[in-house]
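Dear colleague,

I am passing on the structure below, and my notes on it follow. Please read them with the coordinates open beside you.

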Amino acid sequence: MSALVGSGWLVAVVAVGLLGHERRAARRTAERVVRACHELRGPLTTVLLALDRPPARPGDLARAVATELVRARRACDEVSAAAARRRAPDERRPVDVAELARGLAAAHDAAARSVGRRVRFSGGPAVVLGDRARLAQAIGNLIHNAIEHGAGTVTVATRATAVAVRIEVCDQGPGLPVPVAALMRRPRRGQRGRGMRIVRDALAAHGGTLRAGPSPSGARLIAELPRLGDGLRAVAR
């Protein structure tokens with residue numbers, strides 16, 4: 001009898017452990033689906049605004065729509081991967097971050113103009129090795145947050161140094177409510193906290209970092225990624 005009781009307790013403990021594991025896995029899957037839906041909603045909204053309020057230069061419209069559809073496709077891949085409890089694979093190829101950021105700035109400029117604001121871009125070629133869609137997620141969320149929570153003109157700038165590529169997103173609003181590390185780490189309700197965690201994860205997957213820089217007014221967020229050197233660029237192709 002004691003052996004049966006012991007076996008019964010063992011089965012119960014294992015069952016409770018399996019149930020707890022399944023619940024945690026289900027919560028993680030649900031959060032990944034919600035994050036992917038957040039990433040899908042943003043690009044589609046931006047595309048609709050860009051089509052309704054096309055950029056001044058004709059080529060910018062095609063670039064803006066193409067860039068946002070890359071983000072939307074990645075979000076769809078992540079929904080499918082989350083449903084199967086796996087992760088969407090990352091690509092590793094040369095990406096000109098300046099060209100990517102220029103398209104994102106043009107796309108988000110339409111959203112900014114709808115509220116009487118503007119998004120401006122400046123910068124030269126800056127190539128990294130990475131996943132274009134995930135990098136678009138990171139930069140797109142930084143621009144979106146600057147429009148939603150900042151004020152004035154949003155400026156997006158890229159610059160390449162000998163070893164790194166820097167992307168800066170600045171606005172003229174009240175600045176960050178808390179240090180940038182807290183925005184990425186602290187559990188927060190709503191899309192702002194979720195978007196910042198998407199930025200954190202996308203940059204980390206590329207060996208990158210995000211920090212706040214000094215600014216006379218508004219927030220100034222600086223993302224840095226390892227630069228792909230000329231020698232490695234030919235090999236990566």
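Ser122 lies in strand β2, which runs over residues 119-123, and in this predicted model the residue has a relative accessibility of 42% and therefore counts as partly exposed, since that value falls between the 20% and 50% limits. Setting aside residues up to four places away in sequence, Ser122 touches Val156, Ala157 and Thr158, while Arg159, which is 37 residues away from Ser122 in sequence, has its C-alpha 9.0 Å from that of Ser122.

Beyond its neighbours within four places in sequence, Val156 is in contact with Ser122 and with others, including Ala101, Ala105, Val119, Phe121, Ile143 and Val169.

The packing of α3 with α4 is also worth a look. How are the two helices, α3 and α4, placed, by angle and by distance between their axes? They pack at an angle of about 40°, with their axes 10 Å apart, and the crossing is right-handed. Among the residues that meet there are Leu100, Ala101, Leu104 and Ala105 from α3, and Leu135, Ile139, Gly140 and Ile143 from α4; by class, the contact has eleven nonpolar, three polar and two charged residues.

Note on methods:
Residues numbered from 1 in each chain as written. Predicted model: local features only at pLDDT ≥ 70, side-chain atom pairs only at ≥ 80, totals over all residues. Heavy atoms only, no water. Contact = heavy atoms within 4.5 Å. Helix = DSSP H or I, 4+ residues; strand = E, 2+ residues; numbered from the N terminus. Buried < 20%, exposed > 50% of the residue type's maximum accessible area, 1.4 Å probe, protein only. Axes fitted to C-alpha atoms, helices over the stretch in contact; angles between N-to-C directions. Left-handed = near helix turned anticlockwise from the far one by under 90°. Nonpolar A, V, L, I, M, F, W, Y, C, P; charged D, E, K, R; others polar.
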